[in-house]
Each structure stands twice: as structure tokens, then as C-alpha cells.
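Let's take a friendly walk through a protein model. We will start with the whole chain and then visit a few places inside.

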Amino acid sequence: MSQNRSSANIGVVGLAVMGSNLARNLASREGNTVAVYNRSPQRTRTLVEEHPEAGFVASESIEAFVDSLAKPRTAIVMVQAGSGTDAVIEQLAGLFEDGDIIVDGGNANFHDTIRREKDLRERGLNFVGAGISGGEEGALRGPSIMPGGSAEAYETLGPILASIAAVAEGEPCVTHVGTDGAGHFVKMIHNGIEYADMQLIAESYDLLRRVGGHDVDAIADVFAAWNKGDLESYLIEITAEVLRQKDAATGGPLVDVIRDEAGSKGTGVWTVQNSVGLGVPVGGIAEAVFARAVSSKPQQRAAVQATVESRPEIQQPGDNFEDDVAAALYASKMVAYAQGFDAIIAGAREYGWDIRLGNIAKIWRGGCIIRARFLNRIVEAYDNDPNLATLLEDPYFAAAVRDGEAAWRRIVATAALSGIPVPGFSSALAYYDSLASERLPAALIQGQRDFFGAHTYRRIDRDGVFHTLWSGDRSEIETEPSTH
Ligand code: 6PG
């Protein structure tokens with residue numbers, strides 16, 4: 001294999017599909033010379049043989065790979081997130097020198113990224129956790145990239161990443177998200193929103209089929225039509241394609257022979273765990289995670305089905321049923337994004353990141369799985385007011401929710417009466433109604449908490465903290481906030 005000392009400006013370690021596609025993408029851009037290394041050399045040899053045009057500088061040992069990189073050495077690690085990542089980082093760190101840059105392009109847990117960055121910084125190295133979205137095709141043709149790490153590392157890395165990122169509205173879909181784990185945090189939230197979006201689309205499909213009475217091809221047409229309007233997005237586009245796919249064995253729609261048990265690899269769960277820890281209600285994302293979990297409990301599903309005597313009658317679809325579903329989908333989607341951005345705000349505050357929300361919306365407009373026309377509206381919203389209390393406060397979103405509200409309610413009601421689960425639609429509506437209600441029953445909860453645990457409450461008419469002497473004469477006293 002050719003050895004070329006210190007000639008590559010960027011290297012890729014880990015040449016499974018994502019890694020090799022990213023390496024090919026890098027090599028295809030002017031000015032990049034790409035070093036490649038994989039633990040099993042056969043994979044490296046195959047990549048180099050299959051893609052002579054890339055001019056890869058290939059190595060069969062990690063030492064030779066490190067030698068092939070120009071200073072500051074910059075290597076992107078593309079291995080399965082987890083303990084394997086630590087091993088590869090350690091190998092590189094042992095050979096890298098002051099100022100060199102190790103990039104983790106996997107779906108790492110941002111807590112690991114914070115730990116790794118701190119450890120490597122103390123050893124004089126730069127560590128950048130970079131979320132990369134867009135799947136295999138995105139890695140090859142232009143992903144959306146969410147790098148964290150130091151500003152110093154971004155000076156070297158930024159132009160290289162910009163050279164391979166997707167371009168939306170003339171701008172590369174990459175930005176320095178924030179320090180240490182900020183990039184992987186934002187990628188985690190991206191995935192959480194992805195879960196919510198997919199769940200909402202799946203609920204729409206279910207309603208169009210079971211209430212709307214459409215066959216699968218007709219539903220594909222509905223999605224294709226939606227993809228020409230406000231709902232235009234990658235996930236809507238591929239939904240039409242998935243629905244159109246026929247199964248070779250049965251001749252029927254492929255979707256009808258796929259087991260209805262959704263899998264997951266963990267980023268959705270992380271989003272919910274971390275958001276709950278940060279005190280951010282991300283019900284839309286949580287319901288999407290739970291819906292996958294429920295689908296994957298065949299025994300419980302069968303057990304309950306065995307108890308069912310009759311299922312509710314499916315309601316008649318109202319006039320303009322498809323438009324109603326589209327409106328419910330759009331409104332629920334706005335809620336899911338609002339919740340996701342809330343989680344970013346809370347994460348930034350907790351971990352000390354200076355995250356520009358508008359920039360995040362910008363880099364999600366192209367390349368990534370949740371890319372959508374709708375993200376332009378989010379960019380505008382944060383351009384107009386970077387300090388929005390919630391996206392739903394922005395005039396465009398507020399008006400869009402108002403416009404879709406009646407349809408959204410009709411759809412949730414129709415689904416409930418028909419016995420069709422719509423956890424995404426209904427939790428989004430409940431969230432909206434919670435924010436929109438002048439008064440919530442939380443007052444009663446405070447009363448209950450004070451009753452059994454002297455947890456205290458605040459009054460609407462006076463400052464201070466109060467407790468009712470429930471087991472005494474039930475008079476009220478002013479007190480200190482409870483600490484238990
Ligand atoms: C992306 C995707 C990518 C991936 C997830 C899906 O942005 O390119 O989000 O990260 O497909 O791993 O996660 P689940 O397997 O948990 O659905």
C-alpha cells in the first residue's frame with residue numbers, strides 16, 4: 001500500500017459504510033488528501049481498490065496512518081459508539097502531539113464526549129465530538145454536521161467539514177455548535193426530534209388507512225402531495241417511497257409484511273432521559289420513544305388483545321379528512337420541534353454552551369434526516385427573536401397552530417373514538433393546551449403535596465411560601481419553602 005508521509009490534511013479511522021462514505025466524500029472535494037485506516041486491513045484494501053479516483057493515502061498500521069497526516073493532524077473516528085471508541089481514541093492519542101485533533105463522528109453519548117474532551121485537553125490534544133446526520137447517503141453526498149470541541153480545533157476542522165457538508169440556501173450545513181459535548185448533545189436532540197417526526201408520520205398513515213379508508217398506494221400519493229407544501233421534508237418523501245414498495249413474495253405492500261415492532265439504538269431514549277433530568281417536558285419525543293417500546297412488547301399486546309371483546313367502531317372520516325390529518329401533523333410537529341429546542345436551551349444553560357438556536361435550525365435544513373422546508377420558519381423565528389420563550393410564541397408558529405387547531409382537535413377526537421392510538425398527536429395537543437390554559441390543576445397537586453408532606457405552596461395574591469395546618473386547625477401559616 002502506498003505510504004505518503006505527512007501528506008494528508010484529514011484522516012478517517014473506521015471504514016464501515018459511514019466511515020468509507022465520509023472518506024469518499026472528503027476525497028471528492030478539492031484540496032483534501034484523505035488518509036484512511038481500518039483495524040482489519042482487508043476493508044481498507046477493498047475501499048482503495050474500489051475507489052482509485054479518491055487517491056486515498058492508506059495505512060495498515062495506526063502508526064503509519066498517524067505518520068501520513070500533516071500537522072495539525074486531524075483524524076475523524078467513525079466507529080460504533082461505545083467502548084470501541086475509547087480504544088481507538090486512546091491509540092490515536094498515544095501517537096498524536098500537541099494541537100492535533102481527534103474527531104468522533106459517531107453517535108456518541110455527549111456525557112462521554114465531555115469526559116473524553118477533558119481528558120484529551122489535559123493531554124494537550126483537541127477532541128471534537130461531531131454529530132453527523134444523513135445516514136449512509138448523507139455521509140457520501142453531504143451530511144449535516146454538528147461539531148463541538150474548542151474554537152481552536154474548529155479553525156482547522158471547520159473548513160474541512162464545510163467542504164463535505166450538505167448545502168442549504170447557499171450555506172454549508174455545519175456550524176461550531178459549542179464547546180466539548182455540545183455537538184453530540186445537539187445531535188442527540190436531532191435524533192429525538194427525528195423519533196417524534198417519524199411517529200407523527202406513522203400516526204398519520206394509520207389514520208389515513210383506518211379512518212380514511214385509503215389503500216397503501218393512495219396513502220403514498222397523499223404523502224407525495226404533502227411533500228409539495230409546508231410539510232415538505234425528507235421523512236415525508238421517503239414515507240411515500242416506503243409505502244409504494246411492493247413485497248416480492250406476496251405482491252402486496254412491503255409495509256404489510258414488516259413486523260410492527262419498531263427498534264431503536266438509544267439516542268431517543270437519551271434525549272428523553274436528559275431532558276427529564278433538565279426539567280424540560282419533551283412529551284412528543286417521549287411518546288415516540290414509548291410508542292416504539294410498546295410496539296416491541298408482543299406478549300403484552302397479545303395478552304391485552306385476548307381480553308378484548310369488541311373494538312370501537314371506526315368513525316366516519318369528516319369532510320377534508322386528509323387536510324385535517326395534515327393540519328394535525330403540522331401542529332404536532334411544531335410542538336415536537338419547540339420541545340426539542342427547549343431541551344437545547346436547557347442543555348446549553350446546564351453545560352455552559354453558547355448555542356445559537358438559529359444556526360442549529362440552519363444546519364438542519366439540509367443533509368440530515370429531519371431536513372424540512374419548515375426549518376426555514378424556525379430560522380426566521382430565531383432571527384426575529386433569539387430569546388423566544390418557546391417557538392410557539394413566534395407569530396408564524398402561533399398563527400399556524402391557530403389555523404390548524406380545530407382540525408387537530410377533530411383528529412385526536414376521531415382517533416380516540418375509533419380506538420386508534422395517536423400518542424404523538426394527543427400528547428402534543430395536551431402540551432399545547434397546558435401552555436394555553438390560563439389555569440392548570442397543578443394548584444390542586446400543590447394542595448395535595450402540602451397535605452401529605454407539608455411541601456408548601458405559593459399563593460396567587462401574595463408573595464411568600466405557605467402551609468396549611470392540615471392535621472391541626474387547618475389555618476394557614478407563612479413558612480419557609482419545604483426542602484423535603
Ligand atoms: C441520522 C440518524 C442516524 C440513525 C439513528 C437512528 O441522523 O443520520 O439519526 O443517527 O439512523 O441511529 O436511530 P434508531 O436506530 O434509534 O432509530
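**The whole protein**

Please keep in mind that this is a predicted model. Its secondary structure comes to 19 helices and 11 strands. The radius of gyration is 26 Å, close to the 23 Å that the globule rule gives for 484 residues, so the protein is as compact as a globular protein of that length. Along the principal axes, the C-alpha atoms fill a box of roughly 80 × 65 × 45 Å. Of the 484 residues, 50% are buried.

Now look at helix 12 (residues 283-295) and helix 14 (residues 321-351), which pack at an angle of about 105° with their axes 7 Å apart. That angle makes helix 12 roughly perpendicular to helix 14, because angles of 65 to 115 degrees count as such. Where they meet, Gly-283, Gly-284 and Ile-285 come from helix 12, while Ala-336, Gln-339 and Gly-340 come from helix 14. Sorted by class, this contact has 2 nonpolar, 4 polar and no charged residues.

| Residue | Relative accessible area | Class |
|---|---|---|
| Ser-275 | 1% | buried |
| Cys-173 | 0% | buried |
| Cys-368 | 0% | buried |
| His-51 | 14% | buried |

Ser-275 sits in helix 11 (residues 267-277). Leaving aside residues up to four places away in sequence, Ser-275 touches Ile-189, Val-280, Val-282 and Ala-343.

His-51 has another kind of setting: the loop between helix 2 (41-50) and strand 3 (57-59). Why does His-51 count as buried? Its relative accessibility is 14%, and buried means under 20%. With the neighbours up to four places away in sequence again left out, His-51 touches Arg-24 and Phe-56.

**The two cysteines**

A disulfide is a covalent bond between the sulfur atoms of two cysteines. How many disulfides does the model have? The count comes to 0, with a pair of sulfur atoms needing to be within 2.5 Å. Cys-173 is in no disulfide, and the nearest cysteine sulfur is that of Cys-368. Seen from Cys-368, the closest cysteine sulfur is in Cys-173, and the 7.3 Å between them is too far for a bond.

Methods
Residues are numbered from 1 along each chain as its sequence is written. This is a predicted model: local features need pLDDT of at least 70, side-chain atom pairs count only at pLDDT 80 or more; totals for chains, interfaces and linings use all residues. Side-chain values use heavy atoms; hydrogens and water are left out. Helices (H or I, at least four residues) and strands (E, at least two) are DSSP runs, numbered from the N terminus. Buried means under 20% relative accessible area, exposed over 50%, partly exposed in between (1.4 Å probe, protein chains only). Contact means heavy atoms within 4.5 Å. Axes are lines fitted to C-alpha atoms, for helices over the stretch in contact, and angles run from 0 to 180 degrees between N-to-C directions. Angles under 35 degrees count as roughly parallel, over 145 as roughly antiparallel, 65 to 115 as roughly perpendicular and the rest as oblique. Ala, Val, Leu, Ile, Met, Phe, Trp, Tyr, Cys and Pro count as nonpolar, Asp, Glu, Lys and Arg as charged, and the others, Gly among them, as polar. The radius of gyration is taken over C-alpha atoms; the globule rule is 2.2 Å times the number of residues to the power 0.38.
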